[in-house]
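Opening the notebook on this one.

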Amino acid sequence: MALLRAFVSGTRLVPGTRRGLAARSCLLLLLATVPTEVRSGTIETEHLFGFTIGSDVGDVGEREIEGSVTGRFAKRNGSYGAASGTLSAEFVPIPNLRTEFTGAVVSYDIVGVSGFADQRYTAFGGLSADIRYRFLDRATAPFGFALGAEPHWGRSDEVTGEPASQYGVDFVAAADWEIIPDRVVAAFNLFYQPETMRSKLTGTWSQESTAGIAFAVMAQVRPGIFVGGETRYLRKYDGLGLDTFAGQGFFVGPTVYVKLSEKAWIAAAWSAQVSGQASSSVGALDLVNFERRQARLLFGVNF
């Protein structure tokens, strides 16, 4: 949690400040000195982005261990920090079908946030499975296209951290295309995430859903090294069927991907809410349903 907080708040790229210049210089130095033995070739979008999903699913028989750490920071008042770490096993059993099984650990550090009980703990968070099928391959079609579903079970309210039994499915439609072959790629996501939850404190059930779109562009600046950015527009509703509007947020931020070798990769993304509105409060941002800043680190190894 402390490492992610430092990454988000301590190295913000603020133009015109010494901190911003130093952060950008460090990033450029990293990109210039990271060793890479991979060759420039066909772009693989399966893990290329931080918050967006690509249409690629891997080759038949491919096995991979993947991990991620996601941090979410800052509400309208008080101190808010939430993080989740995942470890996944991925397997591609047949052409165009990607399967993945994931375990998660969650951590909360919430003090003095209006409407939230104070929370400070780290615990096992839950399980999920991801099934994704690619219908169009960029190698033989103008663009790649895949559909995915990720059923999941959690042991806490994702936002407040309060004990709960949470059940949901994340549905996504992902399309991507190469603007400049083997150099620049863009991706578009459309997603719908219904969830139902039972509070372990009160025993009451609640239902909510999130819908949104995401767009990302990544450019290969050196063989195996990509830099770019992502935007996301999220809308939160009460009810599984997008029944009652609760709030909206628009996020923007940079992404970096490095292919360390033919079998290992790492990616990092940072995202800030630049506009939004909650139905239950005033203000230029929705800091009730979403956070002010989010960060994600992903990595994986094939074997």
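This is a predicted model: local features need pLDDT of at least 70, side-chain atom pairs count only at pLDDT 80 or more; totals for chains, interfaces and linings use all residues.

I started with A149, which comes out as partly exposed at a relative accessible area of 24%. A149 is found in strand 5, residues 144-156. What does A149 touch beyond its neighbours within four places in sequence? I got A129, D130, I131, V169, D170 and F171 as its contacts.

**Confidence**

The mean pLDDT of the protein is 89, and 86% of its residues reach 70 or more. The stretch I marked is residues 2-40, where the pLDDT is below 50. That stretch still has 58 contacts in the model beyond near neighbours in sequence.

**Strands 1 to 3**

Next I followed the chain through its strands 1, 2 and 3. Strand 1 (residues 63-73) pairs with strand 2 (residues 79-91) in the antiparallel sense, over 11 bridges. The two make a hairpin with 5 residues between them, and A74 in the turn has a positive phi of about 80 degrees. Strand 2 then runs antiparallel to strand 3 (residues 97-111), joined by 13 bridges. That is a hairpin as well, again with 5 residues between the strands. Its turn holds N96, with a positive phi of about 75 degrees.

Which residue in strand 2 is the bridge partner of E66? I found S88 there. From S88 I went on to strand 3, where its bridge partner is T102.

**Aromatic pairs**

How many aromatic pairs are there? I count 10. I picked out F226 and Y257, whose ring centres are 6.0 Å apart with planes at 65 degrees, so I log the pair as edge-to-face. This pair links distant parts of the chain: F226 is in strand 9 (residues 225-238) and Y257 in strand 10 (residues 244-259), 31 residues apart. Are these two buried or exposed? F226 counts as buried at 6% relative accessibility, and Y257 counts as buried at 8%.

Y257 also pairs with W265, and this one is stacked: 6.2 Å centre to centre, with 20 degrees between the planes. W265 is buried, as is Y257. Elsewhere I noted one aromatic cluster made of Y133, F135 and F145.

**Charges over rings**

I then looked for charged ends over rings. R232 has its charged end over the ring of F51, 4.1 Å from the ring's centre. K75 lies over the face of Y80, at 5.1 Å from the ring centre.

**Last stop: N302**

I finished on N302, which lies in strand 12 (residues 293-302). Is N302 buried or exposed? It counts as buried, because its relative accessibility of 18% is under the 20% cut-off. Leaving aside its neighbours within four places in sequence, N302 is in contact with E62, R63, E64, E262 and K263. One of these, R63, belongs to the range of strand 1, residues 63-73.

Technical notes: Residues are numbered from 1 along each chain as its sequence is written. Side-chain values use heavy atoms; hydrogens and water are left out. Helices (H or I, at least four residues) and strands (E, at least two) are DSSP runs, numbered from the N terminus. Buried means under 20% relative accessible area, exposed over 50%, partly exposed in between (1.4 Å probe, protein chains only). Contact means heavy atoms within 4.5 Å. Two strands pair if DSSP finds at least two bridges between them. pLDDT is the predictor's confidence in each residue, from 0 to 100. Rings of Phe, Tyr and Trp (its six-membered ring) pair if their centres lie within 6.5 Å; planes under 30 degrees apart count as stacked, over 60 as edge-to-face and the rest as tilted. A charge sits over a ring if NZ of Lys or CZ of Arg is within 6 Å of the ring centre and within 35 degrees of the ring normal.
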